[in-house]
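Biologist: Can you put the model up? I'd like to go through some strand pairing and then the domain contact.

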Amino acid sequence: MKRSPRPTLKRNGTRLAALADKYDLYQRSVQSPENEVAFFDRVFRTYHKRPPLLLREDFCGTAAVCCEWAKSRRDRRAVGIDLDPKPLAWGEKHNLSQLSADERNRVELRKADARDVLAPRADVIAAQNFSFYFFKTREELARYFRAAYRNLGRQGVLVLDVLGGFECMKEDTEEVRGYRSFKYVWEQARFDPITHACRFHIHFRFPDGSEMKRAFTYDWRLWSMPEIRELLTAAGFRAADVYWEGADPRTGKGNDVYRRREHAESDPAWIAYLVAVK
Ligand SMILES: C[S@@+](CC[C@H](N)C(=O)[O-])C[C@H]1O[C@@H](n2cnc3c(N)ncnc32)[C@H](O)[C@@H]1O
């Protein structure tokens, strides 16, 4: 039987989990805005032979990627859209506040459903960290893809990330990654093989034994790559290209380098980019 770690109190009696900020921990463990911006830049140039300037970040949460975009070039603008006012307010306070006045003027945040917002037509629309998995029916997802198509300029790309592999369908499993002052835990709580409805939680654990349980919970549908590609094509995109992660020849582990691929080897748990091209 597992024993719960013995609680160690900080001097004033407050445990580390109670002092931590879930959005800060999320950014430090989940997001990598510099890599995202470099990837968006690379793929847009591949298809359209010029630098992308306007980013629309759907499901932007704390808008970390919008901020990185504005920092990356003086002529870049970003619009971030999220339904939830809490991460938007956190992003204003902790991310946008770190920008120079000029950079700040080039980032706009909107609280809205990503499917309903007509903003200036973007070069890149990014929907990162599987956010479109919130849409549970074909009609809902198709509606989002049609809206994204309309919200891109004449030349544009929609960048999604997709996860899969049979391990994603296992229930009651945890993946734990260690950071300097906390552990990030990805729990797969539920997978329904009939509907593909799934439930994931993110928890954060601390060296004093305390835990921020269910800091984030996601109720998604686990869409398959072919379903998503077919819906993108039906929405009007001329291509829906998969960028698959390469492997380090020494360790066999993912090397963070994503290249366009038509086929891949079976993999128990994978994450890939999907780039829909207008
Ligand atoms: C998994 S988080 C992703 C945050 C960030 N994009 C990232 O890469 O880490 C999903 C976000 O999508 C937002 N969201 C869910 N449905 C939405 C919708 N229909 N329109 C806009 N935002 C939505 C949630 O409020 C949440 O902040």
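Biologist: What is the bridge partner of Thr173 in β7?

Modeller: Gln188 is the bridge partner of Thr173. Keep in mind that this is a predicted model.

Biologist: How many bridges join β6 to β7, and are the strands parallel or antiparallel?

Modeller: There are six bridges, and the strands run antiparallel. β6 covers residues 173–178 and β7 covers residues 183–191.

Biologist: What joins β6 to β7?

Modeller: A hairpin, through four residues.

Biologist: Moving on to β8 and β9. How many bridges there?

Modeller: Eight, with β8 (residues 197–205) and β9 paired in the antiparallel sense. Within that pairing, Phe200 has Tyr218 of β9 as its bridge partner.

Biologist: And how many residues sit between β8 and β9 in their hairpin?

Modeller: Five. Gly209, in the turn, has a positive phi of about 90°.

Biologist: Change of topic. Which residues go to which domain?

Modeller: The domain assignment gives 16–25 + 166–220 to domain 1, and 32–163 + 222–277 to domain 2.

Biologist: How many residues does each domain put into the contact?

Modeller: Domain 1 puts in 13 residues and domain 2 puts in 15 residues. The centres of the two domains, taken over C-alpha atoms, are 23 Å apart.

Biologist: What area is buried between domain 1 and domain 2?

Modeller: About 1,300 Å², with 70% of that from carbon and sulfur atoms.

Biologist: Which elements give two or more residues to the side of domain 1 that touches domain 2?

Modeller: α2 (22–29) and β9 (211–221). β9 gives the most, with three residues.

Biologist: How do the residues on that side of domain 1 divide into nonpolar, polar and charged?

Modeller: Eight are nonpolar, one is polar and four are charged.

Key: Residues are numbered from 1 along each chain as its sequence is written. This is a predicted model: local features need pLDDT of at least 70, side-chain atom pairs count only at pLDDT 80 or more; totals for chains, interfaces and linings use all residues. Side-chain values use heavy atoms; hydrogens and water are left out. Domain bounds come from an automatic or database domain assignment. Contact means heavy atoms within 4.5 Å. Buried area is the accessible area (1.4 Å probe) that two parts lose on being put together, summed over both. Ala, Val, Leu, Ile, Met, Phe, Trp, Tyr, Cys and Pro count as nonpolar, Asp, Glu, Lys and Arg as charged, and the others, Gly among them, as polar. Two strands pair if DSSP finds at least two bridges between them.
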